[in-house]
Amino acid sequence: MDRQSQDPFDRTARSGGTVAVSHEEFSVQSQTALVRFLREGVQPPSVVYMGIDDQIQIFVSEALTPKTLNVQGRWLRAADGLIVPFQQAVAPTVAGGTALFTFRLGEGFLLSLTITNPSANISESSDFALAALSRTGGLFGQAGQTLCAGHVGANKGTSFPLGGIVRPLDGPGYIRSITGTTPALGADISETVPSGARWELLAFQGALTASAVVANRQPWFVIDDGVNLLKRSLSTQATVASTTSTYYADNPGIAPQASTQSALWSTILPIMLAPGFRIRTITSAIDVGDQWTSPKYLVRQWTDLE
Amino acid sequence: MATYKCSSCGGTYDDVQRDGALYRHVCGPIPNPAFNPIPGKGAVDLRETLERANKRDENATRGLIYDAGRKGYDTPHPEDPASTIFHPGPIPIVSEGAGRTAV
């Protein structure tokens, strides 16, 4: 009887004077693992198998000035079974829109991919990147699989496979202090939410300098969607000839400053604004010599892929 | 950063904000000469204004994606929706209006 076929519980099998216990008296309290791991012919852990015609698409939406993003990762090359690192610099050269960068790796398994923003002092939520696997290519090609998507701030990024998929309008947004257009003489303020952006208006102010023409200018604070009036508020006081008044949009209940140089538009803030929505003034009795200064406003912005 | 004057509406603006973001100027409406306000009504009425005929809108044309590799953008082919036409250069803005001048 060889060692493989010996019954360790056979009382007749003596070994060094120790009598093995009967299997009726012995119970195994632990069991061996059901899963066995291969030491050869190991299958890749990635579910993303790339054919020779597949390409990786990086979509980037940058609200601020264009910056170079880094795309790094590792793939298991089918030709030789080697794990190959890769790195691509993505320079969109466009801001305020969506840019696409495409590259191919070859046949094999994608093991990891990370998109990072090496720029310092960049708001975490100002830029957005999405990585996808595509077969047909081109701007209008179909994405076969979204790999990862998220906001990419300073030295932060999104990654495959563990980074998840975040939508562009998710997250806290980022805070912007904007100085708008100084209108021409006799014209009102009009600020338009840019395409691809969603704003949450937090604060707004503008100053009106009246000409010497005698009249009481009383401006409205207006929100419209480009066509329809959505919100309006009349200022608490007028600007008379040859004076300057600064108007602030603020919530009801805020006491206006006891000054002829400061006035309120009583309105509920914040308010969400979609692309094409406008923040305006409509000034009754405005004179051709009246001058609004450039408005200053505070918004929380999200930037969408278009 | 540069300061521009819009030749359509006469407004002036900086093209880059302090945070580095591009500022995309869009002309505001103009007074509507045909509007007759109701005396004593006292409420704002959007009919008081109308869109400027030669309005400048610096937003990028929607629905277009800039191809960073080829430095241009594609548009659908008008006769063959399955194919595209490549255009070198940046994505055009919605409307040039009367242009702008640096000030």
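Glu191(A) is buried (under 20% relative accessible area, with exposed over 50% and partly exposed in between, for a 1.4 Å probe and protein chains only), yet Glu191(A) has no salt bridge. A salt bridge is a side-chain nitrogen of Lys or Arg within 4 Å of a carboxyl oxygen of Asp or Glu. The nearest side chain of opposite charge belongs to Arg176(A), 9.2 Å away. Here Lys and Arg count as positive and Asp and Glu as negative, while His and the chain ends are not counted. The model is predicted: local features need pLDDT of at least 70, side-chain atom pairs count only at pLDDT 80 or more, and totals for chains, interfaces and linings use all residues. Residues are numbered from 1 along each chain as its sequence is written, chains are lettered from A in the order in which they are written, and side-chain values use heavy atoms, without hydrogens and water.

Glu191(A) sits in strand E11 (residues 190–192) of chain A. Strands (E, at least two residues) are DSSP runs numbered from the N terminus, as are helices (H or I, at least four). A polar atom of the Glu191(A) side chain lies 2.9 Å from the backbone nitrogen of Thr181(A). Contact means heavy atoms within 4.5 Å. Beyond its neighbours within four places in sequence, Glu191(A) is in contact with residues including Gly180(A), Phe277(A), Pro295(A) and Tyr23(B).

Thr182(A) lies in the loop between strand E10 (174–179) and E11 of chain A. Thr182(A) is partly exposed, at 21% relative accessibility. Its side chain reaches the backbone nitrogen of Ser294(A) at 3.4 Å. The C-alpha atoms of Thr182(A) and Gln291(A) are 8.5 Å apart, although 109 residues separate the two along the chain. Leaving out residues up to four places away in sequence, Thr182(A) touches Gln291(A), Trp292(A), Thr293(A) and Ser294(A), and from chain B Gly10(B), Gly11(B) and Thr12(B).

Phe37(A) belongs to the segment before strand E1 (49–50) of chain A. Phe37(A) is exposed, with a relative accessible area of 74%. Together with Leu34(A) and Val35(A), Phe37(A) makes a nonpolar surface patch of about 430 Å².

Chain A as a whole has zero helices and 20 strands. Of its 306 residues, 44% count as buried. Among contacts in chain A with a separation of 6 or more, 71% join residues 24 or more positions apart.

Conventions: Polar contact = N/O pair within 3.5 Å; in protein donor to acceptor, adjacent residues only side chain to side chain. Patch = residues over 30% accessible without salt bridge, like charges linked within 9 Å, V, L, I, M, F, W, Y side chains within 5 Å. Areas by Shrake-Rupley, 256 points an atom, 1.4 Å probe, with all protein chains shown as cover.
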